[in-house]
Amino acid sequence: MKIKDIRSRGTNQTRTDNRYPLRIGSEVEFYIQPVVGMCMFLNYVKDNQGNDKNGTLRTSVVINMFENENEIVVTTYNSVYYFEK
């Protein structure tokens, strides 16, 4: 799946701070399925340029999740992650 967008939970604006712009567009997979009350762990598959990438991203604690046929939205304490299936 691909990271479509990462927004600030407080402002609902796309995150442009730190390494967030580099994460948007990356292909990732869940290390384990996200669980409310725990941090989300994402394994990188490819970077936002399509190059192979290794590593794991750990987010703040998950507070909400939503999924439909095209998208997964995971809200953490700090951010809202939008994934394209």
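Trainee: How many bridges join β2 to strand β3, and in which sense do the two strands run?

Mentor: Some conventions come first: this is a predicted model, in which local features need pLDDT of at least 70, side-chain atom pairs count only at pLDDT 80 or more, and totals for chains, interfaces and linings use all residues. Residues are numbered from 1 along each chain as its sequence is written, and side-chain values use heavy atoms, with hydrogens and water left out. Helices (H or I, at least four residues) and strands (E, at least two) are DSSP runs, numbered from the N terminus, and two strands pair if DSSP finds at least two bridges between them. Here β2 (residues 27–30) and β3 (residues 39–46) are joined by 4 bridges and run antiparallel. Within this pairing, Val28 stands opposite Tyr44 in β3.

Trainee: Which residues of strand β2 form its covered face, and which its uncovered one?

Mentor: Val28 and Phe30 make up the covered face, whereas Glu27 and Glu29 make up the uncovered one.

Trainee: Is Ser79 buried or exposed?

Mentor: Buried means under 20% relative accessible area, exposed over 50%, and partly exposed in between (1.4 Å probe, protein chains only). Ser79, in strand β6 (residues 79–84), is buried because its relative accessible area is 1%.

Trainee: With which side chain does the side chain of Ser79 make a polar contact?

Mentor: A polar contact is a pair of N or O atoms within 3.5 Å; within protein, one must be able to donate a hydrogen and the other to accept it, and residues adjacent in sequence count only if both atoms are side-chain atoms. For Ser79 the partner is the side chain of Arg15, at 2.7 Å. Contact in the wider sense means heavy atoms within 4.5 Å. Leaving aside neighbours within four places in sequence, Ser79 has contacts that include Ile6, Tyr20 and Val74.

Trainee: Which side chains does the salt bridge of Lys4 bring together, and what is the N to O distance?

Mentor: Side chains of opposite charge can pair when their charged atoms come close. The rule asks for a side-chain nitrogen of Lys or Arg within 4 Å of a carboxyl oxygen of Asp or Glu. Lys4 pairs with Glu71, with the closest N and O atoms 2.8 Å apart. This pair links distant parts of the chain, since Lys4 is in strand β1 and Glu71 in strand β5, 67 residues apart. Lys4 is partly exposed at 40% relative accessible area, while Glu71 is buried at 16%.

Trainee: How many salt bridges does this rule count?

Mentor: The count comes to 5. Among them is the pair of Lys85 and Glu67, with 2.6 Å between the closest N and O atoms. Lys85 lies in the segment after β6 and Glu67 in strand β4, so the pair ties together parts 18 residues apart in sequence. Another is the pair of Lys46 and Asp52, at 2.7 Å from N to O; Asp52 is exposed, with a relative accessible area of 66%.

Trainee: What is phi of Asn12, and where is this residue found?

Mentor: Phi of Asn12 is near 65°, a positive value in a residue other than glycine. Asn12 is found in the loop between β1 (2–8) and α1 (20–23). Asn18, found in the loop between β1 and α1, has phi near 50°, which is also positive.
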